[in-house]
Amino acid sequence: MKKDDLIVEKVVKNVGLIYFNRPDKINALNLKMVRDISKILKKWEEDDNIKAVLLDSKSHKGFCSGGDLVHLYKDFIINDDCNDKDELFVEEFELDKYVETYKKPIVSYWKGIVMGGGVGISINSDFIICDETVKWAMPETDLGFVPDVGVGKFISSLPQSLGQYVGLCGGLLESPDLIKHGLANLYIDSKDYEKIREKFFELSETYSSHELIEKLREEAEKYKKESHETFVWKNRDKIEKYFCEDSLGEIYKILEENREDEFARDILKDLKSKSQFSLDLQFEKYFVGKNLSYPETVDLDLKILKYCLKMGEMEEGIRSKMIDKDNDPDWKYKNLEDVKDKDIKKLLAI
C-alpha cells in the first residue's frame, strides 16, 4: 500500500477488501477512485480464490461523504479544456450498475458519514452492517440537483412522507431507521465490528456465495444492537403530517399553517432556501421511481444531472456551498411558481 493510495486493496483469506482511504475528505469520491474500485472488482470477479468482497473505510469519520464536488466543479464544470463534462458521472454510474449485478457477494460496513456516491456504490451490497455513529443522507437538493446514483429507487420504496422528507430535505437517517426500512441489514456497536470481520474471513475458507452470507448473518446477529429512538422516530407524526401531500405547493401550505411548530418553521426555511426546480423535480421523482428498475433509475439520474448542469443550478449550488461557501446561491428558480410542470414531466418522461 502506498501512502497516497485513495483506494486500498487487500486480501485476507478468501475475502477481498476495498478500503476507501481519503480521510481528509471523508473519502469523497473522485474519478480515479471510481476507476480503481471498478478495476479491482473486475479483477476479483475472475479470481476463484476470492469468495466475497468487503467495502470498508480507513477514515474514523465515516464511510463516504459523497462525490468530490470541488474536484467536479474545478476539473469538469468550469474547466473550459474539459470536453467531456459528464465523464465522472458516466463512469461512477456504470460502477453502481456493475455492483448491482456483481457475481460474488459484497458486504459493506457503514459508519459515520454515509452520503451520496458512497451510498450508490454500496447500497446494493448483499449484507450491510451499520453502527451507532451512522449519519446517512442524500443532501443533493442543497446543491441544485436531486438524490442520484440510483438511490432514488430506495427512497421511493420508503413510505411517502419519509421518502419525501429524505429526498427533499436531505434528512438524516440513523442506523435504526435504516434497519426498520430495509436500507441496511444489521445494527451493531462499533466495538464489535472487528470480531464480525474476523469471523467473515474465517467463514470464507469454508463457504462461498449465498451460503457464506447466510453463515455471516447468523454469526453477526449475535452482536445485534438494540434499537433506540432516533430523530426521525421522535418526529414521525410531524413528518407524516407535513410530507404526505399531493404536491410540493401543498407541503408549503401546511408548513405555513403550522409556523408555531419549530420543526415546521425550520423545514419551511430550509426548503425555501433551495432551488425550487430541484425540489419540485424530486417530489415528482419519488412517485416515478416506484415503477423503475435500478438500472432505469441510474439512467434517469444521469439524464437529470446533465440537465441540471446545463441549466446552471448544479453549478451555482456547488459554488455557493462548496467553493465560495457564502451559502447564498443565486438560483434560477427562486420561487415554486417559476417552475413549469411540463419541464418536470418532460425530464421525468412522464
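A charge is said to sit over a ring if NZ of Lys or CZ of Arg is within 6 Å of the ring centre and within 35 degrees of the ring normal. With that in hand, let us start our walk through this predicted model at Lys-58, whose charged end sits over the ring of Tyr-19, 4.3 Å from its centre. There is another lysine to look at here: Lys-42 lies over the face of Tyr-98, with 5.8 Å to the ring centre.

From charges over rings, we can move on to rings beside rings. A pair of aromatic rings is described by the distance of the centres and the angle of the planes. Searching the whole structure turns up 13 aromatic pairs. Take Phe-231 and Phe-263: their ring centres are 6.1 Å apart and their planes are at 35°. Planes under 30 degrees apart would count as stacked and those over 60 as edge-to-face, so this pair is called tilted. The two partners come from distant parts of the chain, since Phe-231 belongs to helix H10 (residues 231–234) and Phe-263 to helix H13 (residues 262–272), 32 residues apart.

Leu-268 is buried, with a relative accessible area of 2%. Apart from residues up to four places away in sequence, Leu-268 touches Tyr-252, Leu-255, Glu-256 and Arg-259. Ile-251 is 17 residues from Leu-268 in sequence, yet their C-alpha atoms are 8.9 Å apart in space.

Next come the helices that pack against one another. Two packed helices are described by the angle between their axes and the distance between the axes. For helix H14 (residues 276–288) and helix H15 (residues 294–311), the axes come within 13 Å and cross at roughly 170°. An angle over 145 degrees counts as roughly antiparallel, and H14 and H15 therefore fall under that description. On the H14 side the contact is made by Phe-277, Leu-281, Lys-285 and Val-288, and on the H15 side by Leu-300, Asp-301, Ile-304, Tyr-307 and Met-311. Sorted by class, this contact has seven nonpolar residues, two charged ones and no polar ones.

H15 has another partner in helix H17 (residues 341–348), where the axes come within 10 Å and cross at roughly 135°. That angle makes H15 oblique to H17. Here H15 contributes Leu-300, Lys-303, Ile-304 and Tyr-307, while H17 brings Asp-343, Lys-346, Leu-347 and Leu-348. By class, the contact has five nonpolar and three charged residues, with no polar ones. If you compare the lists, you will find Leu-300, Ile-304 and Tyr-307 of H15 in the contact with H14 and also in the contact with H17.

Now for a strand. Ser-108 has its place in strand S5 (residues 106–110). Is this serine buried or exposed? With 0% relative accessibility, Ser-108 counts as buried. Setting aside neighbours within four places in sequence, Ser-108 is in contact with Leu-54, Leu-55, Ser-122, Ser-125, Phe-127, Ile-128 and Ile-129.

Finally, let us visit some loops. Asn-27 lies in the loop between strand S2 (15–20) and helix H1 (31–45). Its phi is near 65°, a positive value in a residue other than glycine, and Asn-27 counts as buried at 0% relative accessibility. Val-149, in the loop between strand S8 (135–137) and helix H5 (152–155), likewise has a positive phi, about 45°, although it is not a glycine. Val-149 counts as buried, at 1% relative accessibility.

Our last stop is Asp-189, in the loop between strand S9 (186–188) and helix H8 (193–203). Which residues does Asp-189 touch, not counting those up to four places away in sequence? They are Asp-131, Glu-132, Tyr-223 and Lys-225. The C-alpha atom of Asp-189 is separated by 7.8 Å from that of Lys-224, a residue 35 places away along the chain.

Key: Residues numbered from 1 in each chain as written. Predicted model: local features only at pLDDT ≥ 70, side-chain atom pairs only at ≥ 80, totals over all residues. Heavy atoms only, no water. Axes fitted to C-alpha atoms, helices over the stretch in contact; angles between N-to-C directions. Helix = DSSP H or I, 4+ residues; strand = E, 2+ residues; numbered from the N terminus. Parallel < 35°, antiparallel > 145°, perpendicular 65-115°, else oblique. Contact = heavy atoms within 4.5 Å. Nonpolar A, V, L, I, M, F, W, Y, C, P; charged D, E, K, R; others polar. Phe/Tyr/Trp six-rings, centres within 6.5 Å; stacked < 30°, edge-to-face > 60°. Buried < 20%, exposed > 50% of the residue type's maximum accessible area, 1.4 Å probe, protein only.
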